[in-house]
Structure formats: structure tokens, C-alpha cells
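Reader: I have a model open and would like to learn how to read it feature by feature. Please give the general idea each time, then the case at hand.

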Amino acid sequence: MNITVIGTGYVGLVSGVCYAELGNRVICVDKDAGKIAALQAGSIPIYEPGLQEVAAANAAAGRLSFTTGLAEAVRESDIVIIAVGTPPMPSGEANMAYIDQAALEVAEAMNGYKIIAVKSTVPVGTNERLRELIGSRTDERFDSISLPEFLREGSAVQDTMYPDRIVIGADNREAAATMTELHKPLTDNIIVTDIRSAEMIKYASNAFLATKISFINEIANICEKVGADVTRVAEGMGYDKRIGKSFLKAGIGYGGSCFPKDTRALIQIAGNVDYEFKLLRSVVEVNQDQRFNVIRKLEAIFSGQLRGKTIAVWGLAFKPDTDDVRDSPALEIIQYLVEAGVKVRAYDPIATSNFQAVYGKEGVVWCGGAMEAAKGADALCLLTEWDEFAQVDLQELQNTMWRAILIDGRNVFKEEDLLGTAFIYYSVGRPA
Ligand code: NAD
């Protein structure tokens, strides 16, 4: 099939590359000329394991190309997939400006029947609204499809090539059949629904996962007070098939470009139809507070005297294996520490420059390695569970630090790892 994917971010680029890998001819479009120039030169602007190799192979095979020329790409395609950003507005509602802009540009470029699918996460009713918007600008026939995306950053290629399910929201049987055909090589679990249900599946899925995280974090907070170990509790719960093992890892809460934004958007979507989503409101509140778990522990350790202390921070990305720092807990934690007069020494394997672009470069000592960050520190806070942190020599770490105090915000270390060291160790939901 001939496919145009609009937006070459985490979703659009990975999807485009993977559709090409399936043998389709894919044109990836972005309005960011710098990104497109980099992609044309064979350089991938985001960090995503495996993406570089699959992109290079498909570009070399002539199935994958990159352009800023949206109109021309649309004219050469039967299927147009919109994967632009839908960032949150201050109200929590998703900003539809990029989607509307892309839809209008597609409408202007129409030269015959096309399927126009939206992969971006959009509020219920958006695809119907876009259909009217596009229809008002073109006489050509087209069908609207909701095609929500469930990939996870850090394993996006794997998730796209081996998805748990594909959801296709359609009100035209032929268009649904074409989209089913396109995705058939990926999975047998293809769910075709009406458009509004497909839009809702995306929000409901993310809200449910966020709920699991906030739930286990609250259990962790109680475990700390009653002397239980949340990792054992989660293990014991997870064997129950009705509960499942995933997303029961206590920590400092979720971040990233999806859960925070999509939970707030769903609260707003519910609010727009006079429904107060009380449960989800609490999920968001718990998550926001959980970030300060690390700070509360530091305050307790230093009896509220943080000023002048040197604190090392390991991990700036919102989760491992990604360079994405959008809504990363590290942003608020570091800001709090700096404002409290702490000397912060920070390190992340790959997300430092993205972090600096959002946070700024001032007020933090940026380090090129984990040990360098820990040098002379009064305490170390581990905020992202990168593999390399789990591999460190704890004896060497202890000798590098001024005081061997470790606050493990992601429960990376086990009790036996610390045996023989002098670390004072705090984690989440486990005995200190
Ligand atoms: P992103 O910000 O990384 O990328 C969006 C891209 O779209 C940018 O490169 C931007 O330049 C481009 N763009 C914007 N308007 C354009 C236009 N008119 N023409 C061409 N290009 C345009 O966003 P993302 O993280 O890939 O997310 C995209 C959508 O997918 C969002 O709705 C998000 O909620 C959803 N989603 C994201 C993830 C994730 O893990 N990132 C997972 C599932 C769903």
C-alpha cells in the first residue's frame, strides 16, 4: 500500500518505519525541516532501540522516504495517517491545533479517494469533527478512521511489530477491511469498532494503567508505615490472573508524554459531559504527590536542612531506554532541590541534552557518568531505572560519595545487593 504518515515524532516515525518494514511504500512527512533533513541524511532524531537499523534498511530498499512536502506525499498515497502531537493545554484538554492544521493541509491536497486515519490520541468525537472539517474543504471522497496507538517509548519498534492488539474505529466496512489488511501481518487481535469507541479505548487504556501505578504507589506508602515490602506484595498480587503482574512496580510515579496528558484529558472529556471522574482525579493527585516521596525522605534524613548539601541525581528521562523528558518526575524534583539551595549533580545516559532544553542549563552540575555525579555527594537519588545503574559497583559508589546515603526511587536494588556496604538505603514501599 502507499502510505503517508504525517508527523515524525515517536509515534509517526516508528509507525512509518514499521509500515515500510511490512513491505508498504511509506512517505514520512514533518513540518520540521531540520528533522526531515536529518532523516534524509540517515540520522534518527530520537533515541529508540532498533529504529536506526530498520529505518536504514527500508530507506535503502526504496520503501521509505522523508519530506516536508505534505501535499505531494498525500497525492501519492491511498492511506494518510496523522500522527502529530496533541499536547495538553493549561486546562488539561488536548490541544487540537496540530491535528486541525494537518487535516486542513490533507484536505487541500486531496486528488481522489483516500483513507484518512488518526493515530494521535484525540478526544472522543474528534474524528467526526475532522471529517466535517476535511469535507468542507474538498469534494473528493474519503473515509475517516480512528487508529489509536499503544506503543511504549523505549520499546516502540518491538511494540509496533508485535502489538497486543490493533484497534480500528471505522464506520465504513470497506475502509475497515483495508486497514485490517494493512495490519494483518502484525497480529490476529484486530478489533474493529465504531469511531467513538476506538477513541475511548485509547484514553480508557492509559487511564487504567495510570490507575494501576497510583494504586501500587499508595499500597507502597502504606507498606512503609506498616513494615511490609511492596515488591513482595505486588508479586503476591500479580500471580492472580485477574490482576496481572505488569504495572505493579512502585516508584516515584508515572511521567512522559502520554499518561499525565491523557489522564488529565479524560477527566476533561468526562467533565465536558457533566461527569466527574472522581477515581481518575485521585490517580492524578496521587501521582503528583508521589514525586515528592524522594524529597520527603531527603528532608527527613537531613532534618529539613537541605541547603548547601550536594545531592547526586541519577536519571533524567521519564523512564529508561528513552531520551524523552516530557513530564519527567526529575524536572520537578531537581527544580525543588535547586530552589532549596542544594548543589545538584545530575547524570543520565542519553537524556541530558533534552532535559537541559526544557529545564535550562543553569544551577545544576551536569555529569558525564554515574560515578562522576556521585562524587562527594551527601546523598544519591535514583530517579530512572536505567540498566547501567543496577550494574554499578556499590563499594566504589560508597567510596566516591561523601556520605553513603542512597534513595532508590525505582526500587532498583535488592537487600542482598547492599550487604557488606555501609549504605543507608531508602526505597519505595520497602523497609529502610
Ligand atoms: P511528537 O511531539 O514526538 O511528534 C509530533 C511531530 O508532528 C513533530 O515532529 C511535529 O513537528 C510534527 N507535526 C506537527 N504538526 C505537523 C503538521 N501540520 N505537518 C507535519 N508535521 C507536523 O509526538 P509523539 O510523541 O509522536 O505523539 C504523537 C501522538 O501520538 C500524540 O497524540 C500522542 O498522545 C500519541 N501517542 C504517543 C505515544 C508516545 O509514547 N509518544 C504513544 C501512543 C500515542
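Author: Start with what counts as a helix or a strand: helices are DSSP runs of at least four residues, strands are runs of at least two, and both are numbered from the N terminus. Keep in mind that this is a predicted model.

Reader: What share of residues 312–415 is helix and what share is strand?

Author: That stretch is 35% helix and 18% strand, and its end C-alpha atoms are 21 Å apart. The UniProt annotation for residues 312–415, from an unreviewed entry, reads "domain: UDP-glucose/GDP-mannose dehydrogenase C-terminal".

Reader: How many helices and strands are in the protein chain?

Author: The protein chain has 19 helices and 14 strands. Its radius of gyration is 23 Å, close to the 22 Å from the globule rule for 432 residues, so the chain is as compact as a globular protein of that length. Along the principal axes, the C-alpha atoms fill a box of roughly 70 × 45 × 35 Å.

Reader: Which domains does the assignment give?

Author: Domain 1 covers 2–193, domain 2 covers 202–289 and domain 3 covers 291–426. Between domain 2 and domain 3, the C-alpha centres are 24 Å apart.

Reader: How should I read the place where two domains touch?

Author: In general, the size of an interface is often given as the accessible area lost when the parts come together. Here there is a count of residues instead: eleven residues of domain 2 are in contact with 15 residues of domain 3. On the domain 2 side, three of the touching residues are nonpolar, seven are polar and one is charged.

Reader: How much of the protein chain is buried?

Author: Of the 432 residues, 47% are buried. The largest nonpolar core holds 129 residues, and Ile6, Ile81, Ile82, Ile311, Val313, Trp314 and Leu380 have the most contacts inside it. Helix H9 (residues 195–226) supplies the largest share of this core, eleven residues.

Reader: Which residues does Trp314 touch, leaving out those up to four places away in sequence?

Author: Trp314 touches Tyr347, Ala370, Ala373, Leu380, Leu382, Leu383 and Phe389. For the protein chain as a whole, take the contacts between residues at least 6 apart in sequence: 71% of them join residues at least 24 apart.

Reader: Now the record. Where does UniProt place "binding site" features?

Author: Such a feature is an annotation, and it may be inferred rather than shown by experiment. One set, from an unreviewed entry, has Asp30, Lys35, Thr86, Thr121, Glu153, Lys261 and Arg326. These residues span 297 residues in sequence and their farthest two C-alpha atoms are 24.1 Å apart, so they do not all gather at one spot.

Reader: Is Thr121 buried or exposed?

Author: Thr121 is buried, because 23 C-beta neighbours lie inside 10 Å. Its place is the loop between strand S5 (114–118) and helix H6 (126–135). Beyond four places in sequence, Thr121 touches Thr86, Pro148, Lys202 and Asp262. Arg326, with 20 C-beta neighbours inside 10 Å, also counts as buried. Arg326 is in the loop between strand S9 (310–314) and helix H14 (329–339), and its contacts outside its sequence neighbours within four places are Gly256, Ser257 and Phe318.

Reader: Which other residues does UniProt list for "binding site"?

Author: A further list, also from an unreviewed entry, includes Phe150, Leu151, Arg152 and Lys319. The listed residues are spread over 170 residues of sequence and, in space, up to 24.0 Å between C-alpha atoms.

Definitions and conventions:
Residues numbered from 1 in each chain as written. Predicted model: local features only at pLDDT ≥ 70, side-chain atom pairs only at ≥ 80, totals over all residues. Domains from an automatic or database assignment. Contact = placed C-beta atoms within 7 Å. Nonpolar A, V, L, I, M, F, W, Y, C, P; charged D, E, K, R; others polar. Rg over C-alpha atoms; globule rule 2.2 N^0.38 Å. Buried ≥ 20, exposed ≤ 12 C-beta atoms within 10 Å, placed from the backbone. Core = buried A, V, L, I, M, F, W, Y, C linked by C-beta atoms within 7 Å.
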